[in-house]
Amino acid sequence: MNNKKHYNNEKNIKFIADSMLGNIARKLRLFGFDVLYYKKGDDEGLLRNFEDRILLTCDKELYKRCFSLGRKAIFVERSENELYSLSYIFKLLKIKPILKAIRCTVCNGKLRKMDKDEINKNRNIPQNTKSKYKEFYICTNCGKVYWFGSHWKSIIKFNEDLKNTFN
Ligand SMILES: [Zn+2]
């Protein structure tokens, strides 16, 4: 990777992920990063566009092509271990893992906080969930609703494990 200084401001970091790296893309979105997918086979389109994004790929040939064109790219070893892959990417870019509920993990849309009235009217949130939790976020693109339910505990655990890989 060149120009490491460029990445000090985490807000500038945007990714485009290989379709084989869907789990990594979703995890990165939990940390607030803007991550697009590109369809496998559309390598030419990828090489012509998205120059402002760092390519994450497990395709060594594509990685080499990107790199030779001066594009920012990270070769991610295809592994079942998401923790290892995330840790590798974060260390390389000198990013500290901080969870941020600002991106939809499904579609990469931006999240915004819902107000009380909106929560009450929303039919996708179960009634008992509405009474149990106070904070809800909705994806401005696909409408998926998020809250800090039991699933969030496993995300916090993942974040802790990730932080521990920096020690
Ligand atoms: Zn969405």
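Modeller: Let us begin with a term: a residue is called buried if 20 or more other C-beta atoms lie within 10 Å of its own. This is a predicted model, and by that count buried residues make up 22% of the 167 residues in the protein chain.

Colleague: What makes a set of residues the largest nonpolar core here?

Modeller: A nonpolar core joins buried residues of kinds such as Ala, Leu, Ile and Phe through C-beta atoms within 7 Å. The largest has 22 residues, of which Phe15, Ala17, Ile24, Leu28 and Leu56 touch the most other members. Two or more residues come from each of strand E1 (14-18), helix H1 (22-30), strand E2 (34-38), strand E3 (54-57) and helix H4 (82-93).

Colleague: Which residues does alanine 17 touch, leaving aside those up to four places away in sequence?

Modeller: Contact requires C-beta atoms within 7 Å, and on that basis alanine 17 touches Ile24, Ala25, Val35, Tyr37 and Leu56.

Colleague: How do you know which parts of the protein chain belong to which domain?

Modeller: The bounds come from an automatic or database domain assignment, which gives domain 1 (4-93) and domain 2 (111-164). Their centres, taken over C-alpha atoms, are separated by 27 Å, and the contact takes 4 residues from each of domain 1 and domain 2. On the side of domain 1 that touches domain 2, H4 gives the most, with 3 residues.

Colleague: What is the make-up of that side of domain 1?

Modeller: The residues there divide into 3 nonpolar, 1 polar and no charged.

Methods: Residues are numbered from 1 along each chain as its sequence is written. This is a predicted model: local features need pLDDT of at least 70, side-chain atom pairs count only at pLDDT 80 or more; totals for chains, interfaces and linings use all residues. A residue is buried if 20 or more other C-beta atoms lie within 10 Å of its own, exposed if 12 or fewer, and partly exposed in between; C-beta atoms are placed from the backbone. Helices (H or I, at least four residues) and strands (E, at least two) are DSSP runs, numbered from the N terminus. Two residues are in contact if their C-beta atoms, placed from the backbone, lie within 7 Å. Ala, Val, Leu, Ile, Met, Phe, Trp, Tyr, Cys and Pro count as nonpolar, Asp, Glu, Lys and Arg as charged, and the others, Gly among them, as polar.
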